[in-house]
Amino acid sequence: MNLLTERIRPMYFRYLAAAFGSALISSVYAAVDTAMVGQYQGPDGAAAMAVVAPLWNIVYSLGLLTGIGGSVLFGTLRGRSERNRGRANEFFTAAVIGTGILALVMWIAVAFFDRQLLLAFGSNEELMPLARSYVFPLKFVIPSFLFTQLFSAFLRNDGNPELATKAVMVSGVFNIAGDYFCVFVLDMGIMGAGLATGVSSVLSLLVMLTHFRSKRCTIHFAKPRGLARMLKDIAVTGFATFFTDVAMGILTILFNHQVLKYLGSEALSIYGVIINVSTFVQCCAYSVGQASQPIISANFGAGRGGRIRQVLNYASVTALLFGLFWVLLSLFAPNLYVRIFMSPTESILAAAPAVIRVYGISFLLLPFNIFSTYYFQALIQPRTSFVVSVARGAVLSGILIYLLPALFAPAALWFAMPVTELVVAIYAAVRMMQFTNRLPDITA
């Protein structure tokens, strides 16, 4: 597949299908964990999964930091000239080294400081045993989660997005079946869900590694020249995607504390449901960004602005359609989410619709905002990408999470994300038009 010459429409939708398949399956098996735990353990299980959620955001985001950062530079170099293939492979090697370092740090943190982490994420003593039981099996396989994100990004940039999807499918099928078997058949409860998730991640990584033995593989290890500088460039380029994902963990921590402070544990279990729905929405957004980034990076390197504009048009419409689907579902079937993810009490069924409908408004613009960070990264505009990701993931959202319930009423907390996404979308759209208008358009 030639990213510089093939027709944009079929190529974009081929990449989108592969990326969406991976994102959907990842979302499904993450949701299955919570759903089965919620059915087995009840609302406390759903609340415990909400406490664990920031750990996933941190682990996955670290893999995206090096995966997206390295693959953007890799793809841009290849787009400029085939003579850059060797240098591009040096960035691949540097990304692998960086991922290994981050994986080791996270491995030590989760293995020896899980209690402290869970307390920081909003756990209380009542939820702590459940949360630690889920995390225990994962302590043995933490690096696999980072490396699956890394290799998935490079497979897309090496023209093999289908294998990334296949890897996720294999792990997803195993995780769903393994969840049921471990949680219910073996009667392991929440620990069984953690065990199934850990094993499925290892399977996904093993499938991805088969790419390096195939004829389609053009990636290989090469000794990096100036490793420290390369790691810095990878981190700067990938930071926005990293922060977009880790921001979900930051927001979860902030919401966990504020919900418990103002609204109680029952509201926290509802928020646990929202987290899982948000994961689906966010993964839809990732699929748009991941489908677009390899094509945009290569064509940006080659100076082909017209092709980039075509990708931008398709991606923007796709993102808005995803957002429309999720906001309509949230408005018209809020308790569908609740029944999927837990065995609810009558009081939860009564309280959940108002909460989900308000928070769900944010889903309209969330996919567009996340896609914009990929777009700015692919155009090597890390500063703008940084502003978008930090504003929506910590600064603006964090201010609103603390101010709204204090200034108005506790329920005003749920308006924090709709307001945040609207403000960020306006900024992103303006900057997107500015950068797109400056693109060169080399046709040959």
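Arg14, Glu162 and Arg216 are linked in a network of salt bridges, a salt bridge being a side-chain nitrogen of Lys or Arg within 4 Å of a carboxyl oxygen of Asp or Glu. The structure holds ten salt bridges. The model is predicted, with local features needing pLDDT of at least 70 and side-chain atom pairs counting only at pLDDT 80 or more, while totals for chains, interfaces and linings use all residues. Residues are numbered from 1 along each chain as its sequence is written, and side-chain values use heavy atoms, with hydrogens and water left out.

- Glu90 and Arg87 meet through their side chains in a salt bridge of 2.6 Å, N to O.
- Both Glu90 and Arg87 belong to helix α3, where they are three residues apart, about one turn of the helix; helices are DSSP runs (H or I, at least four residues), numbered from the N terminus.
- Glu90 counts as buried because its relative accessibility is 6%, where buried means under 20% relative accessible area, exposed over 50% and partly exposed in between (1.4 Å probe, protein chains only).
- Arg87, at 25% relative accessibility, therefore counts as partly exposed.
- In helix α9, Arg229 and Asp233 are four residues apart, about one turn of the helix, and they form a salt bridge whose closest N and O atoms are 3.5 Å apart.
- Arg229 is exposed, because its relative accessible area is 53%, whereas Asp233 is partly exposed at 25% relative accessibility.

**A salt bridge between two helices**

- Arg392 and Glu421 form a salt bridge, with their closest N and O atoms 2.7 Å apart.
- This pair links distant parts of the chain, since Arg392 lies in helix α15 (residues 382-407) and Glu421 in helix α16, 29 residues apart.
- Both Arg392 and Glu421 are buried.

**The second largest cavity**

- There are five cavities of 30 Å³ or more in the structure; on a 1 Å grid over the protein atoms alone, a cavity is a set of points where a 1.4 Å probe fits but cannot get out, and lining residues have an atom within 4 Å of a point.
- The second largest cavity has a volume of about 60 Å³, a volume being the space filled by probe spheres set on the grid points, which are joined across faces, edges and corners.
- Arg392 and Glu421 are among the residues lining this cavity, which also include Met248, Tyr359 and Met417.
- Helices α9, α10 (265-301) and α16 (416-437) each supply at least two of its lining residues.

**The second largest pocket**

- The second largest pocket holds about 220 Å³ of space, a pocket being an open set of points with protein on both sides within 12 Å along at least five of seven lines.
- Its lining includes Arg87 and Asp233, along with Leu73, Phe91 and Pro382.
- At least two lining residues come from each of α2 (43-80), α3 (85-112) and α9 (227-262).

**A nonpolar surface patch**

- Val317, Leu321, Leu324, Leu328, Leu331, Phe332, Ile361 and Leu364 make a nonpolar surface patch of about 730 Å²; such patches use residues with over 30% relative accessible area and no salt bridge, with nonpolar side chains (Val, Leu, Ile, Met, Phe, Trp, Tyr) joined within 5 Å.
- Leu321 is located in helix α11 (residues 305-332) and counts as exposed because its relative accessibility is 55%.

Notes. Patch = residues over 30% accessible without salt bridge, like charges linked within 9 Å, V, L, I, M, F, W, Y side chains within 5 Å. Areas by Shrake-Rupley, 256 points an atom, 1.4 Å probe, with all protein chains shown as cover.
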